[in-house]
Amino acid sequence: MILYSLCCAHDHRFESWFRDSAAYDEQRARGLVSCPACGSAEVEKAIMAPWLGRGTGKDEAASEPEPAREAPPGAPQPVALMSEKEQQLRAMLKAVREHVLTHSDYVGEEFAETARRMHEGAEEKRLIHGEASHEEVRALLEDEIEVMPLPALPDERN
């Protein structure tokens, strides 16, 4: 993994991780690297000072701190910065999710049973959320009981 300092045609400076220099070149050529401030795809590498270890002795080298910007081995490959449309979509999804969670009752693993009781009139209808297995959801849908998954946002998985 390599961290590049980048600069757009409007002199906005930012940084981004790439698998290697070839990945940067490929993403730039495809227009996937853009400035987060203005959206310009006219991006060039900026001058940057690399971190160099300066120790000759084993103890001295061992006491050198790890570079702060080095990606851990096996880390997922970063993607190009999100476009403004993607950022807006993610913000809307987050707002919808927050609205549902604040305006409904959490019923936990009893979701399928509670939804079924409400559908049959055995329990007062209200907005609920909780957990259900794929099989439980499939059975609810087959019985024409309306349910909708509430997907986790990428930020919530980090």
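Me: Which residue forms a salt bridge with Arg30?
Reply: A salt bridge is a side-chain nitrogen of Lys or Arg within 4 Å of a carboxyl oxygen of Asp or Glu. The closest N and O atoms are 3.4 Å apart here, and the partner of Arg30 is Glu26.

Me: What pLDDT do local features need in this model?
Reply: Residues are numbered from 1 along each chain as its sequence is written, and side-chain values use heavy atoms, with hydrogens and water left out. The model is predicted: totals for chains, interfaces and linings use all residues, side-chain atom pairs count only at pLDDT 80 or more, and local features need a pLDDT of at least 70.

Me: Is Arg30 buried or exposed?
Reply: Buried means under 20% relative accessible area, exposed over 50%, and partly exposed in between (1.4 Å probe, protein chains only). Glu26 has 43% and is partly exposed. Arg30 has a relative accessible area of 55%, so it counts as exposed.

Me: In which helix does Arg28 lie?
Reply: Helices (H or I, at least four residues) and strands (E, at least two) are DSSP runs, numbered from the N terminus. Arg28 meets Glu44 in a salt bridge, 2.6 Å from N to O. The pair is 16 residues apart and links distant parts of the chain: Glu44 is in strand S3 (residues 43–45), and Arg28 is in helix H1.

Me: Which residues does the network of salt bridges join?
Reply: The side chains of Arg126 and Glu123 meet in a salt bridge of 2.7 Å, N to O. Salt bridges that share partners join these two with others into one network, whose members are Asp105, Arg117, Glu123 and Arg126.

Me: Within what arc do the buried residues of H4 fall?
Reply: The buried residues of H4 are Phe111, Ala112, Thr114, Ala115 and Met118. The arc is that of the directions from the helix axis to the C-beta atoms. These residues line one face of H4, because seen down its axis they fall within an arc of 165°.

Me: Which helix do the buried residues of H4 pack against?
Reply: A contact means heavy atoms within 4.5 Å. The buried residues of H4 pack against strand S4 (105–108), strand S5 (128–130) and helix H5.

Me: What accessible area does the nonpolar patch with Leu93 have?
Reply: Patches are made of residues with over 30% relative accessible area and no salt bridge, like charges being joined within 9 Å and nonpolar side chains (Val, Leu, Ile, Met, Phe, Trp, Tyr) within 5 Å. Areas come from the Shrake-Rupley method with a 1.4 Å probe; for residues, only the protein chains shown count as cover. Leu93 is in helix H3 (residues 84–102) and is partly exposed at 44%. Together, Leu89, Met92 and Leu93 have an accessible area of about 300 Å².

Me: What phi does Glu144 have?
Reply: Most residues other than glycine have a negative phi. Glu144 lies in the segment after H5 and is exposed at 67%. Its phi is positive, near 60°.
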